[in-house]
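Visitor: I would like a close look at one part of this model, with the rest of the chain as background. Please give the cut-offs as you go.

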Amino acid sequence: MISSEAKKLSISTWIIFFDISEPNLYELNIEIEELNILNIPTVTVLGDVCDEKLVEAIFKKYFVNVVFHAAAYKHVPIVERNRMAGLKNNIFSTLALCKASKKFNVEKFVLISTDKAVRPTNVMGLSKRISELIVQNHSKNSKNTCFSMVRFGNVLGSSGSVVPLFKKQISQGGPITLTHSKVIRYFMSLSEAAQLVIQTSELAEGGEVFLLDMGDPIFIKDL
């Protein structure tokens, strides 16, 4: 989340990292310190984004004006085995952020969705499709907040990506675990994904679902 110039704060811009995982926040903080050559102030918030009161408190304190909502349980097999937790986290986090964004007149709201939301065949995809519908519903009656969504597939090196798993399996001498030799996936790099998400926030006029061009699919076996 990015906050605008605040009346009660002397700093013009903040970048707020909101996560329920303490280790993730710790690692992110270290990485950002190395990359932050402009010395943009950052804030790390440890908490559950489904907690509406906490979300509202953060929005109110830091005058948030841009939200990138990426919080989700996304590993299909785990969510299938823990359906209620997956549905609760993915759906109600979106609802809490949409409500707060509208209440505090956030300028831009971008939901990071997934290609699995298209004709979903699993609980994870279903939860993200419901999240998209929540965003679209808030967009219909929004005068001050521009709500949009962006869908894409697998991002190389991201959390839960198969690449770190394959590297580990190869370093240990194998074997490599494949669901099926004919399975194909679309991939893009971390930097490509991040830049395209930011671009969609500039292109959005309200209610759109942006589909990123993932190029040609490749066999997981070839990867």
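What percentage of the 223 residues of the protein chain count as buried? After that, please look closely at where the axes of helix α2 and helix α4 cross.

Guide: Of the 223 residues, 38% count as buried (under 20% relative accessible area; exposed is over 50%, partly exposed in between, with a 1.4 Å probe and protein chains only). The model is predicted: local features need pLDDT of at least 70, side-chain atom pairs count only at pLDDT 80 or more, and totals for chains, interfaces and linings use all residues. Residues are numbered from 1 along each chain as its sequence is written, and side-chain values use heavy atoms, with hydrogens and water left out.

First, the background. The protein chain has 7 helices and 11 strands (DSSP runs numbered from the N terminus: helices are H or I of at least four residues, strands E of at least two). The C-alpha trace spans about 60 × 40 × 30 Å along its principal axes. Among contacts with a separation of 6 or more, 74% join residues 24 or more positions apart (a contact means heavy atoms within 4.5 Å).

Now the part you asked about. Helix α2 covers residues 52-62 and helix α4 residues 83-103; their axes come within 10 Å and cross at roughly 35° (axes are lines fitted to C-alpha atoms, for helices over the stretch in contact, with angles from 0 to 180 degrees between N-to-C directions). This crossing is right-handed, the near helix being turned clockwise from the far one by less than a right angle. On the α2 side the contact is made by E52, V55, E56 and F59, and on the α4 side by A96, L97, K99, A100, S101 and K103. These residues divide into 5 nonpolar, 1 polar and 4 charged (Ala, Val, Leu, Ile, Met, Phe, Trp, Tyr, Cys and Pro are nonpolar, Asp, Glu, Lys and Arg charged, and the others, Gly among them, polar).

Most residues other than glycine have a negative phi. F63, in the loop between α2 and β4 (64-69), has a positive phi near 50°. F63 is partly exposed because its relative accessible area is 26%. N105 sits in the loop between α4 and β5 (108-114), and its phi is also positive, about 55°. At a relative accessible area of 44%, N105 is partly exposed too.

Helix α4 spans residues 83-103, and S127 touches G86, L87, N90 and I91, leaving aside residues up to four places away in sequence. S127 belongs to helix α5 (residues 123-140), and its relative accessibility is 0%, so S127 counts as buried.

One more backbone feature lies elsewhere in the chain. Most peptide bonds are trans. The bond joining G174 and P175 is cis, with omega about 0°, and P175 lies in the loop between α6 (162-171) and β8 (184-185).
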